[in-house]
Amino acid sequence: MAQFDPYSLSQSYPSHPVGASSTKHLPFPPPDLDSLSPAGIFVGVFSVDSSFERRMLVRTSWATHPRSRNGAGEGDGGVGTSRTIVRFVMGQPRKDWERRIKLEMEMFNDIVILPIAENMNRGKTHTFFSWAAINAWVPPVYNTSLSPPLFSYSNHTTSPPPLTPHDSSLAWQDHDTGAPQSWVRPDYVVKVDDDSFVMLAELEARLRVELHTKVESNHGKMPEPLSMLRTPATGSSNITTVKLSAAEDNPESSLSSSEDGPLIYWGYLVTNRLHKFMAGELYALSWNLVDWVAKDPAVKGVTRGAEDKQTAKWMRLHPRSSEVRWVRSPLTPDYAWTHREGRRTHYEGKRVGGTVVVHFIKKNIWYLETALALLDGEEQSEFEKSQSQESESNLERTPRSDTTHRAVSTQS
């Protein structure tokens, strides 16, 4: 009897099958990445009323810079992130900040004010996802040759909102036609801390691959957490599926339609003796999870406390929790620093495959230093430069061969 496959995708576009109980070694980026339609991503950067300088740093760095939006090398002209938008999310501003925030909103059109007092661990994240379930929209696929997957939310549309200076160039080109296309629901809603520096092309590429990944059903088994870890020797990704469930499998889940869309919880996985969750600096929920989080009454009772840990609890409360894919982003900071490479070596001529996010950048000067490293970094690291210079010096000191010597003697 054939197993039920909840994420069987249309055969009209490529998919990447992943067995739920097996480990696959898949290169990243996959060779057909740019033949897959871009993911629609709504990025919510959590901010507070007084953090104007940090918001300006985000606007003028990773939210708009071609290196962040297009990827390395020649990039892709912004096609991948054409459906990625960045907005700032805050609670009600304090009285003495109201006028300044109003002026900032009129200037940039990129601030979301939630109907709550500002807070970090008293429900702001849940309120954001609840807001997103109603108000989050992203641009459509502008390249008509890339057919997107069709899910239950694909036909939901609205008129385009006012654009921000850091929205994609393709969105602005569409706007300038005078008859812009309708916007659609995002495939993912991403929560980001404002002390994180995000490379949008890297984020979108990984979420795009997950969106187009075909996952085999694995009811009744408990595989290891899904991981995508770059190995220095092969650059491959070790992929396994995740099933983290606090409840018994829902027997009705096998009746769900593949058209509902995937259930993906993506981020940097933190594990210890008591907890397993995606760290709060950046994590993504696929649209169906966002919609469910906003509506489920049980989730509304689990909103206070460390917000990233609470989000993980929501995933375990889902009626199809056994089908929620916990996807871990590549590399820990320590590993990345120890094995750092120059851009030329690391990317091997590819557009993506590097850093997704840097966290805990508390000072603005640190933020600028991060921007220089990631957006204007060297093609070779200092170590690689020294190795290259040493090789050249050794070559210059090497005596010429007998053949060369005889040729010189003959000429003389």
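This is a predicted model: local features need pLDDT of at least 70, side-chain atom pairs count only at pLDDT 80 or more; totals for chains, interfaces and linings use all residues.
Figure 1. Over the protein, pLDDT averages 79, and 72% of the residues score at least 70.

**Figure 2. Helix α1 against helix α3.** Shown are helix α1, residues 52-60, and helix α3, residues 98-108. Their axes come within 13 Å and cross at roughly 10°. Because angles under 35 degrees count as roughly parallel, α1 is described as roughly parallel to α3. On the α1 side the contact is made by Phe52, Arg55, Met56 and Arg59; α3 contributes Ile101, Glu104 and Phe108. Sorted by class, the residues of this contact comprise four nonpolar and three charged, with no polar residue.

**Figure 3. Helix α1 against helix α12.** Helix α12 spans residues 364-375. The axes of α1 and α12 come within 11 Å, with a crossing angle of roughly 5°. This angle makes α1 roughly parallel to α12. Glu53, Arg54, Leu57 and Val58 of α1 make the contact with Asn364, Tyr367 and Leu368 of α12. The residues of the contact of α1 with α12 fall into four nonpolar, one polar and two charged.

**Figure 4. The second largest pocket.** The volume of the second largest pocket is about 440 Å³. Its lining consists of 20 residues, and those lying nearest the pocket centre are Phe46, Met120, Lys191, Asp193 and Asp194. Charged residues number 10 in the lining of the second largest pocket, alongside six polar and four nonpolar residues.

**Figure 5. The second largest cavity.** The structure holds five cavities of 30 Å³ or more. In the second largest cavity there is about 50 Å³ of space. Its lining is formed by Tyr142, Pro160, Pro161, Leu163, Ala171, Asp174, His175, Pro180 and Trp183. Helix α5, residues 169-176, supplies the largest share of this lining, three residues. By class, the lining of the second largest cavity has seven nonpolar residues, one polar and one charged.

Methods. Residues are numbered from 1 along each chain as its sequence is written. Side-chain values use heavy atoms; hydrogens and water are left out. pLDDT is the predictor's confidence in each residue, from 0 to 100. On a 1 Å grid over the protein atoms alone, a cavity is a set of points where a 1.4 Å probe fits but cannot get out, and a pocket is an open set with protein on both sides within 12 Å along at least five of seven lines; lining residues have an atom within 4 Å of a point. Grid points are joined across faces, edges and corners, and a volume is the space filled by probe spheres set on the points. Ala, Val, Leu, Ile, Met, Phe, Trp, Tyr, Cys and Pro count as nonpolar, Asp, Glu, Lys and Arg as charged, and the others, Gly among them, as polar. Axes are lines fitted to C-alpha atoms, for helices over the stretch in contact, and angles run from 0 to 180 degrees between N-to-C directions. Helices (H or I, at least four residues) and strands (E, at least two) are DSSP runs, numbered from the N terminus. Angles under 35 degrees count as roughly parallel, over 145 as roughly antiparallel, 65 to 115 as roughly perpendicular and the rest as oblique. Contact means heavy atoms within 4.5 Å.
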